[in-house]
Amino acid sequence: MNPATEEVVATVPAATPQDVDAAVTRAARAQEQWAATAPADRARLLRRFAAQVDDHLEELAQLEVREAGHLIGNARWEAGNVRDLLDFSAGGVERLSGRQIPVPGGLNVTLLEPLGVVGVIAPWNFPMPIAAWGTAPALAAGNAVILKPAETTPLTALRLAELALAAGLPEGLFQVLPGEGAVAGDALVEHPGVAKIVFTGSTRVGKQIMAKCADRVKRLTLELGGKSPNIVFADADVEAAALATPMSYLDNSGQDCCARTRVLVQRSVYDRFLEIVAPAIESIVVGDPADEKTQMGPLISRAQLDRVRSYVTPGDGIHGTAPEGPGFWFPPTLLTDVAPDAPVAAEEVFGPVAVVIPFEDEADAVRLANATEYGLSGSVWTRDVGRALRVSQAVKAGNLSVNSHSSVRYWTPFGGYKQSGLGRELGPDALHAFTETKNVFISTEGPAQ
Ligand code: NAD
């Protein structure tokens, strides 16, 4: 369904456990052939896949606007992110190598071997990039991938699978099985032929999957929820910090795991900060995601809209405007005077809603920033480089930004502390998460004289 219009875009069959079983058999066959393919040839095919994505970038972006309600400019960036990560991972294929370690009486060599078949379970909030974050490095390291996209956003994933085939990737190596989480997703998690699960989604489902993987000691990467702080010190460029605040949590209509939804502002500049941020939020242009002038689109679904409304009433706090409907709209909202432990301040709302809370000093800011079960991202605004480093070290989160809200680059590592996840994606070591290290001892003892 197009979340901006409520029109049906496409109907897609839902995979059964039998479909998953057949896909695993096909994937295992393709993986054997792939792992035996020369690294240079694997890299070439992945680069061709990247080129296919580049050739169809506008088509993929337009599809993302229709099925996920993403702003067209963002959707183009997302398709470009898939292309770039495929290229980057292709570059890693030939650099993936073990080590040699001298030991008494011989030599140890380590071999980095592919895991086999990897299951990638993706959420609906960034369907294309997150599908690629698991898929591209897994393929590069010599694995096969079965991707289960979210129920609401299967179309770009299916198109990516077609483009992989057009690029010449072996049939069965990268398969996309749309379906329900509790059925197709669960069948992937439970399948003994799947060596690793890469799950991105809610902390609730991530915990269930972790428990099931424990049964088989199945490898697992988890990218889960967040409730990230945006800490503004009095010594910062307060105007720049305030003007950057709206899009730090309204990007993708707030459906962003890195959204800075807890704005912590030093009390001495709190009133000034609100004076600057309020008109910026009130003037956000909410509407048609296909229009390049729009700054915020709809939420993904009625269920998500209901979830946001369960935390906050439209029109509360500092707020902008949103269309009436059809479509799933909620106005940009910033709530003041909220206790740090109130549900809206403590839980992941996953909509265009943040809270702003004053703090006294650096120790108070760090205490508030860390008073959460999550630890995905955070921002620190200050002109004092010592404070920037101290606070970045003290905040327990995987991705910190100083005087910025930017978190994600495909060549730097990404992942969460605490209940925001397990393991890291992207970055220079991304392929290592899809290998086992085998240690081989070779004796140098000669025959007995
Ligand atoms: P979700 O947990 O409801 O679903 C995610 C995926 O898991 C979907 O494909 C779904 O079908 C599948 N699933 C659901 N139940 C399952 C089960 N029992 N077994 C196997 N698979 C199952 O999450 P969502 O609502 O689609 O996504 C939003 C969440 O994702 C937010 O919490 C957000 O913070 C998180 N997220 C995290 C990151 C990150 O990198 N840390 C990135 C994006 C989104």
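1. Domain bounds here come from an automatic or database domain assignment, and on that basis the protein is divided into domain 1 (17-224 + 420-440) and domain 2 (229-402). The centres of the two domains, taken over C-alpha atoms, are separated by 31 Å; the contact, meaning heavy atoms within 4.5 Å, takes 19 residues from domain 1 and 20 residues from domain 2.

2. A note on provenance: this is a predicted model, in which local features need pLDDT of at least 70 and side-chain atom pairs count only at pLDDT 80 or more, while totals for chains, interfaces and linings use all residues. Residues are numbered from 1 along each chain as its sequence is written, and side-chain values use heavy atoms, with hydrogens and water left out.

3. The largest pocket holds about 1,100 Å³ of space. For the terms, on a 1 Å grid over the protein atoms alone, a pocket is an open set of points with protein on both sides within 12 Å along at least five of seven lines, a cavity is a set where a 1.4 Å probe fits but cannot get out, and lining residues have an atom within 4 Å of a point. Grid points are joined across faces, edges and corners, and a volume is the space filled by probe spheres set on the points.

4. Of the 40 residues lining the largest pocket, Phe-199, Gly-201, Ser-202, Arg-204 and Val-205 are the closest to its centre. Helix 8 (203-216) is among the elements that give two or more residues to this lining, together with helix 7 (181-190), strand 6 (196-200) and helix 11 (302-311), and the largest share, six residues, comes from helix 8; helices (H or I, at least four residues) and strands (E, at least two) are DSSP runs, numbered from the N terminus. At least three residues of the lining of the largest pocket are drawn from each of domain 1 and domain 2.

5. The second largest pocket has a volume of about 490 Å³, and of its 20 lining residues the closest to the centre are Trp-77, Phe-126, Asp-251, Asp-256 and Val-408. Because domain 1 and domain 2 both give residues to the lining of the second largest pocket, it lies between them. Helix 4, helix 5 (127-140) and helix 9 (238-250) each supply at least two residues of that lining.

6. The search of the whole structure finds five cavities of 30 Å³ or more, and the largest cavity has a volume of about 70 Å³. Its lining comprises 15 residues, with Gly-69, Leu-71, Asn-252, Ser-253 and Gly-297 nearest its centre, and at least three residues come from each of domain 1 and domain 2.

7. His-70 deserves a separate look: the residue lies in the loop between helix 3 (57-68) and helix 4 (72-93), and its relative accessibility is 3%, so His-70 counts as buried, a class defined as under 20% relative accessible area, with exposed over 50% and partly exposed in between (1.4 Å probe, protein chains only). Its side chain makes a polar contact with the side chain of Glu-78 (2.9 Å), where a polar contact is a pair of N or O atoms within 3.5 Å; within protein, one must be able to donate a hydrogen and the other to accept it, and residues adjacent in sequence count only if both atoms are side-chain atoms. The backbone oxygen of Asn-125 lies 3.0 Å from a polar atom of the His-70 side chain.
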